[in-house]
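Student: I would like to go through some of the terms used for this model and see what each one rests on.

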Amino acid sequence: MLIRNFFFLIFFLPFSFLKAQEITSVKCTNQLAPVLFGARKDTISSRGMADNYKTWEPGMTLLIKFMPGGSRFLRNQVIVHSREWEKFANIRFKFVPDNTPFTHIRIKLGEGLGHNSAVGTDALQKEQKDQTMNFDTLGFIDGDYYLAKIKERGIKPPFTFDHLKEELKRGPVRWQLKEIRRVVIHEFGHALGLLHEQSYPEAIKWKKTDSIYQYYMKTQGWTKQQVDFNVFEVNNIFYSNGYEYDPKSIMHYAVHPWETEDGFSVKTNYELSEGDKKIIAALYPKQPSLLSRIVPKIQVTGVGNLSVYYDTQRDGLLIVPSLAIKTNQRLGEVYFVARVANPEGFFYLTDTELFNWGGTLATYMKIPVFPNTTRIFNQNKDNPFYLFLPLYLFPQLYGKEVRITFEVFMNDVMNNHLNKLVFQSATNRLSLPARSY
Ligand SMILES: [Zn+2]
């Protein structure tokens, strides 16, 4: 009765010091990736070169702050290099004090979380106490320099983190400034809605051999599934926004010739390409009326508790989300979906005709929405809203420990992009009542 692990977490090891030369190739992952691993049968890929459904409104000022930590030097590096996008996109980055209560983007300069960012407006799904972007400062140090220093001291391999830490204590840190700039620009590209350029359809003929999986396991700590998602994922041509494949894009991973069938390779790109400048200007035009492609967008805001009640009269669960949804000028279909997962995060399957969302046991509802409006659910006492799941139809659930997920999906019917995941949350473990009669 199990399907794919829904709460799959990417654990992103920054690098092994044994491979100090690999520091320059620390890959980044998008924070929503774990969510998308739980792809349903009836879904399409949500990744692309630019996810039009997740771009901010042109002309917006994004409020950005740093989470505790990070030296003044590194913070300044982030601020300075992020500005590269502002030259070409009609968007403003406003860096605000650390104690600012509401921000769109929150940056953590830390160790061990890798480099990654939420994609565009996905950042709004994160709680204000959590960061939306991580920079791994260990990935910014000059690894070759320190490796040479350690060798000079006559230390023999294997080299460990402790050797590195000893060396770092001896003086001011030697940073790789070029790498810092590259990574900052790349992650801010994600924050504006851009995705990995190597996912352009048919751009790269990957050689999917064991050695390639082993390479990413060794250098990034990625499982096969993570490699398939982060590296090999191919996007729908829709997301290219009409632009040609751009191997010079800052959003492209470096590709070694041995990784491809035809020996094709891409060197690490350190600066915005002409293609990057063009696509970001098209997504954030100086005159918003010039936006070339307007797609329906849903923003979920004001998220409160996800509550679940047992209705003894009707012998079923009332699932009560608290949120607001904001639409733009283009209409899409919006679905609220609540599903049942076991404590490990696997969904229950069903083959019933009703209460079936792509083969998983669910209760869902199509929510009527109008353009350019905000609709509020359960943020005051009037008009309570809930989804109902009749337990008596699913006796296998009685007495079980479960987690209930609540998701918002959107269909862009006009462009035939269905089941775009807009929002997702889940309860902690809860015990369902035993059958009571
Ligand atoms: Zn990336």
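Tutor: Two strands pair if DSSP finds at least two bridges between them; strands (E, at least two residues) and helices (H or I, at least four) are DSSP runs, numbered from the N terminus. This is a predicted model, in which local features need pLDDT of at least 70 and side-chain atom pairs count only at pLDDT 80 or more, while totals for chains, interfaces and linings use all residues. Residues are numbered from 1 along each chain as its sequence is written, and side-chain values use heavy atoms, with hydrogens and water left out.

Student: What is the bridge partner of Leu 318 in E17?

Tutor: Phe 388 is that partner.

Student: How do you know that E10 and E17 pair?

Tutor: Strand E10 (residues 316–321) and E17 share four bridges in the antiparallel sense, and the criterion is at least two, so the two strands pair.

Student: Why do E9 and E17 count as edges of the sheet?

Tutor: The open sheet has the order E9-E10-E17, with antiparallel pairing. Strands E9 (306–311) and E17 (387–390) each have a single partner strand, so one side of each lacks a neighbour in the sheet.

Student: Why is Glu 187 called buried?

Tutor: Buried means under 20% relative accessible area (1.4 Å probe, protein chains only). Glu 187 has 1%, so Glu 187 is buried. Its place is in helix H5 (residues 177–191).

Student: Which residues does Leu 397 touch?

Tutor: With contact meaning heavy atoms within 4.5 Å, Leu 397 touches, among them, Val 340, Tyr 348 and Leu 432, not counting residues up to four places away in sequence.

Methods: Buried means under 20% relative accessible area, exposed over 50%, partly exposed in between (1.4 Å probe, protein chains only).
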